[in-house]
Amino acid sequence: MPIRFFNTLSGKVEEFRPLDEGRVRMYTCGPTVYDYAHIGNFRTFVFQDILRRHLKYRGYQMLHVMNVTDVDDNTIRNAQAAGLPLRDFTSQYIEAFRVDRMLLNLEDPELVVRASDHVDDMVKVIQTLVERGFAYESDGSYYFRVKNFPEYGKLSKIDFSGMRAGARVDADKYDKDSARDFALWKAAKPGEPAWNTPLGPGRPGWHIECSVMSMKYLGETFDIHSGGSDLIFPHHENEIAQSEAATGKPLARYWLHAEHLIVNGEKMSKSLGNFYTLRDLIAKSYKPSAIRYLLASVPFRKPLNFTFEGLHQAEQSLDRLRNFNYRLKMEKFPPGESSALAERARAAQSEFEAALNDNLNTAEALAAIFNLIRDGNTAMDQGEFHQGDRPLFSDVLTRWDRIFAVLEDNDYDKLRKAGFIQEHRAESSVPQPVPDGQGTLRAEILSDQEVETAIREREQARHGGDYARADQIRQQLLEAGIVLEDTKVGTRWKRK
Ligand code: AMP
Ligand code: ZN
């Protein structure tokens with residue numbers, strides 16, 4: 001079954017066919033590293049992760065390049081405010097972004113590149129644009145001459161025919177009302193970082209960065225270009241103008257834009273101040289996997305309204321998913337197998353695959369798996385689930401999770417790895433709640449291993465008839481946010 005995507009450039013849903021058989025070349029605009037990324041940004045990054053995981057699932061080899069914008073108006077302004085050299089200032093947020101990606105199970109792109117490492121390449125492209133009559137100099141800055149690129153507006157579908165020729169805009173981010181000749185290169189200003197180049201001292205504009213880095217690693221024409229819908233204009237429109245004016249070839253063939261994460265009807269954004277970072281939500285004890293689940297649950301072309309109620313529901317859905325997976329692994333079933341259940345499992349697989357092929361309809365892909373879980377649970381409750389049904393159900397869940405990546409409950413190990421939770425050793429084998437040293441996270445977080453050790457100790461106490469000790473351990477775990485449930489197949493636990 002073909003994969004189909006809505007392509008912003010054509011305005012239509014189209015069958016996806018990469019230029020090279022079996023290989024997809026994709027560029028995604030990464031964060032501007034002047035602060036922590038917020039979960040609105042991660043809505044787009046999670047969508048792009050699902051996209052690349054689905055393409056890999058379908059057998060494509062990926063060459064995915066993501067940039068980080070580490071030189072633009074915002075990074076320069078905030079580095080100055082922090083009193084740090086630009087590179088040192090942005091490096092700390094690049095590292096924070098790497099940690100956040102790890103927490104959210106975002107696969108690393110094949111290449112993550114920094115704009116400031118590519119200034120020489122940008123200068124060359126700007127020189128080509130000057131030679132071809134698409135760029136001009138004014139007071140040491142260089143601008144793209146929009147009127148010489150008649151296709152300007154083809155991505156955003158905005159009619160610029162009435163635009164005043166020769167008027168200029170210097171800001172990196174602007175709206176369509178201030179559409180003008182835009183800056184490719186900005187003349188050095190006192191106190192701002194500058195590069196000495198054949199164009200004179202200065203620094204690149206934001207848009208040229210992505211044009212140059214994408215073409216350098218992916219070729220003049222590549223398969224997919226993606227970002228949030230706020231990038232359609234001016235950023236991607238300008239990228240198309242710069243690249244296509246320089247090469248005479250189409251830049252990217254499929255343009256995929258994610259709709260925004262919104263809060264109370266408005267786009268989540270740093271400038272509006274209505275944002276949460278991943279760290280803010282972790283400090284409120286939400287698991288990164290629940291955040292990933294929530295962000296992945298709405299198809300990318302629909303806005304996603306962020307609420308804590310929604311996040312809470314995402315946690316509950318994850319619990320259902322993981323409980324079923326646990327049952328599947330641990331419960332004893334009668335021998336044999338059932339052809340009806342095998343058919344049911346394969347149908348669910350076809351459904352979730354078809355949903356993802358259909359412009360990445362993640363909501364339907366989730367529904368397919370939850371329907372399977374419902375039927376699986378019913379069969380188990382009624383004694384109709386057999387040992388021989390286990391591998392097929394496991395296989396379907398594992399396949400689904402190659403794309404959604406939320407099944408494994410390893411948030412706490414990852415938080416520990418990220419340095420969010422300090423290692424601690426308690427005197428008793430039952431760990432005691434300790435402050436985490438960050439002052440923000442829930443103090444009583446125990447690792448999975450610590451919980452399991454405590455549960456074993458409780459079981460030994462119970463077998464030895466020491467019920468007081470067993471109850472004490474249960475109580476201590478409860479205070480640490482761990483709920484125990486004694487079942488036929490042993491003690492299960494979950495975090496509150
Ligand atoms: P920036 O750091 O502003 O360059 O943005 C990084 C990525 O996040 C871009 O693809 C943006 O389009 C995207 N983005 C920014 N705000 C939101 C939002 N509220 N919802 C979804 N994506 C967003
Ligand atoms: Zn970009």
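## S243 and helix α6

S243 is buried, with a relative accessible area of 0%. Buried means under 20% relative accessible area, exposed over 50%, and partly exposed in between, with a 1.4 Å probe and protein chains only. S243 sits in helix α6. Helices are DSSP runs of H or I with at least four residues, strands are runs of E with at least two, and both are numbered from the N terminus. Not counting residues up to four places away in sequence, S243 touches S211, M215, G248 and L251. Contact means heavy atoms within 4.5 Å.

This is a predicted model: local features need pLDDT of at least 70, side-chain atom pairs count only at pLDDT 80 or more, and totals for chains, interfaces and linings use all residues. Residues are numbered from 1 along each chain as its sequence is written, chains are lettered from A and ligands numbered from 1 in the order in which they are written, and side-chain values use heavy atoms, with hydrogens and water left out.

At 1% relative accessibility, I240 counts as buried. Leaving aside neighbours within four places in sequence, I240 is in contact with L9, F149, K154, L155, A245, L251 and W255. P250 is 10 residues from I240 in sequence, and their C-alpha atoms are 7.7 Å apart.

P234 lies in helix α6 too. A cis peptide bond joins F233 to P234, with omega about 0 degrees.

## Zinc site

Which residues coordinate the zinc ion (ligand 2)? The donors are C29 (SG), C210 (SG) and H235 (NE2), at 2.0 to 2.2 Å. Donors are N, O and S atoms within 2.8 Å of the metal (3.2 Å for Na, K and Ca); water is not among the atoms, so sites may look incomplete. Along the sequence, the donor residues are spaced C-x180-C-x24-H.

C29 lies in the loop between β3 (23-28) and α1 (39-57), and H235 lies in helix α6 (residues 232-247), so the pair ties together parts that are 206 residues apart in sequence. Both C29 and H235 are buried.

## Nonpolar cores

In soluble globular proteins, nonpolar side chains tend to be buried together. Here the largest nonpolar core has 136 residues. A nonpolar core is a set of buried Ala, Val, Leu, Ile, Met, Phe, Trp, Tyr and Cys residues joined through side-chain atoms within 4.5 Å. L55, L129, F144, I224, F352 and F404 touch the most other members. A second, separate core of 10 residues includes V451, A454, I455 and W493.

Take L129 from the largest core. Setting aside neighbours within four places in sequence, L129 is in contact with F134, A135, F144, L184, I208, Q242, A245 and A246.

## S116

S116 is found in the loop between β5 (111-114) and α4 (119-131). Is S116 buried or exposed? S116 is buried, with a relative accessible area of 15%. Its contacts, leaving aside neighbours within four places in sequence, are D70, V71, R87 and W195.

Y467 is 351 residues from S116 along the chain, and the C-alpha atoms of the two are separated by 64 Å.

## Positive phi in one loop

Most residues other than glycine have a negative phi, and most peptide bonds are trans. N359 has a positive phi near 55 degrees. L360 has a positive phi of about 50 degrees.

N359 lies in the loop between α10 (339-357) and α11 (362-381). L360 is found in the loop between α10 and α11. N359 counts as buried at 15% relative accessibility. L360 is buried at 2% relative accessible area.

## Whole protein

The secondary structure comes to 15 helices and 18 strands. The C-alpha atoms fill a box of roughly 85 × 55 × 35 Å along the principal axes. Buried residues make up 56% of the 496 residues. Of the contacts with a separation of 6 or more, 74% are between residues 24 or more positions apart.

The accessible surface is about 21500 Å², of which 48% belongs to carbon and sulfur atoms. Accessible areas come from the Shrake-Rupley method with a 1.4 Å probe; for residues, only the protein chains shown count as cover. There are 66 positive and 73 negative side chains, and the centres of the two sets lie 2 Å apart. Lys and Arg count as positive and Asp and Glu as negative, while His and the chain ends are not counted. Each charge is placed at NZ of Lys, CZ of Arg, CG of Asp or CD of Glu.
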